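Dear colleague,

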Amino acid sequence: MRAPAPPVPALLSRCSSPPSSAPRRLLTSSRTPPAFRPPPPIARSVSVSVDAPAAAPEPAVLGAPSSMPRRRLILLRHGESTAGGRSTRDHDRPLSKAGRADAISVSNKLQQMGWIPELILCSDAMRTKETLKILQEHVQGLSEAVVHFIPSFYSIAAMDGQTAEHLQKAICEYSSDEILTVMCMGHNKGWEEAASMFSGDSVALETCNAALLEAAGKSWVEAFSVAGLGGWKLHGIVKP
């Protein structure tokens with residue numbers, strides 16, 4: 001009676017060589033193989049409170065088709081301002097020395113990250129106008145953006161729960177489908193409240209901080225409609 005054949009392994013390793021009756025030759029070398037060195041970590045030159053990748057391509061957000069344009073919204077609070085004199089209105093308070101330095105720092109970081117707006121909507125208060133002027137003096141792309149000063153940005157920021165809707169209406173009114181990046185410059189408490197409502201996260205904006213938000217849509221109207229409140233992706237907070 002013949003002995004049963006040995007069982008065949010169910011799975012063969014992908015790296016195994018096929019069986020062969022010929023004896024195998026072992027290749028030897030006197031050279032010592034180099035030690036494996038992991039690639040060095042990529043250094044980030046921009047400090048943000050949430051990871052904020054630069055202009056590298058990313059998948060479309062919110063489950064939208066890959067062909068859907070991504071629309072980016074920058075909510076920038078003005079730089080630090082001075083207290084002003086006894087007769088100085090709050091609306092007319094200028095930037096402090098620290099506020100001017102912070103504006104230069106943030107302008108450079110926005111340029112490094114590739115978040116340069118084509119449209120800027122700005123409060124007409126002195127401190128926001130001065131912040132914008134410094135941004136434009138240090139980054140050419142910012143000086144090429146279309147600018148509109150919106151007086152209501154100053155007053156709406158002091159009203160509970162109204163800033164997000166007000167910004168949405170202003171962006172849809174002044175923007176066009178061809179514009180993919182918009183920056184709105186204004187004040188707290190409204191600006192951090194709007195950033196929190198758009199993203200669904202708790203966002204705190206100190207002076208001269210910028211929240212970077214993104215949603216997909218063929219138009220700004222569609223982006224706001226699809227993302228709604230809480231559906232905008234928060235890329236990070238740019239700080240001086």
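To begin with the cysteines: is cysteine 184 buried or exposed? Please bear in mind that the model is predicted. In this model cysteine 184 is buried, because its relative accessibility is 0%, and the cut-off for a buried residue is under 20% relative accessible area. Cysteine 208 is likewise buried, with a relative accessible area of 0%.

The next point concerns disulfides. A disulfide is a covalent bond that joins the sulfur atoms of two cysteines. With a cut-off of 2.5 Å between cysteine sulfur atoms, the count of disulfides is zero. Cysteine 184 accordingly takes part in no disulfide, and the nearest cysteine sulfur, which belongs to cysteine 122, lies 9.6 Å away.

I turn now to the sheet. Six strands form an open sheet with mixed pairing, in the order β3-β2-β4-β1-β5-β6. At its edges are β3 (146-149) and β6 (233-238), each of which pairs on one side only. From one strand to the next, the twist averages 15°.

Within this sheet, β2 (residues 119-122) runs parallel to β4 (residues 181-186), and the two strands pair over four bridges. Cysteine 122 has methionine 185 in β4 as its bridge partner. Helix α5 (residues 163-174) packs on the sheet, where it touches β1 (70-77), β2, β3 and β4. The direction of helix α5 makes an angle of about 135° with that of β2.

Yours sincerely,

A colleague

How values were computed. Residues are numbered from 1 along each chain as its sequence is written. This is a predicted model: local features need pLDDT of at least 70, side-chain atom pairs count only at pLDDT 80 or more; totals for chains, interfaces and linings use all residues. Side-chain values use heavy atoms; hydrogens and water are left out. Two strands pair if DSSP finds at least two bridges between them. Axes are lines fitted to C-alpha atoms, for helices over the stretch in contact, and angles run from 0 to 180 degrees between N-to-C directions. Contact means heavy atoms within 4.5 Å. Buried means under 20% relative accessible area, exposed over 50%, partly exposed in between (1.4 Å probe, protein chains only).
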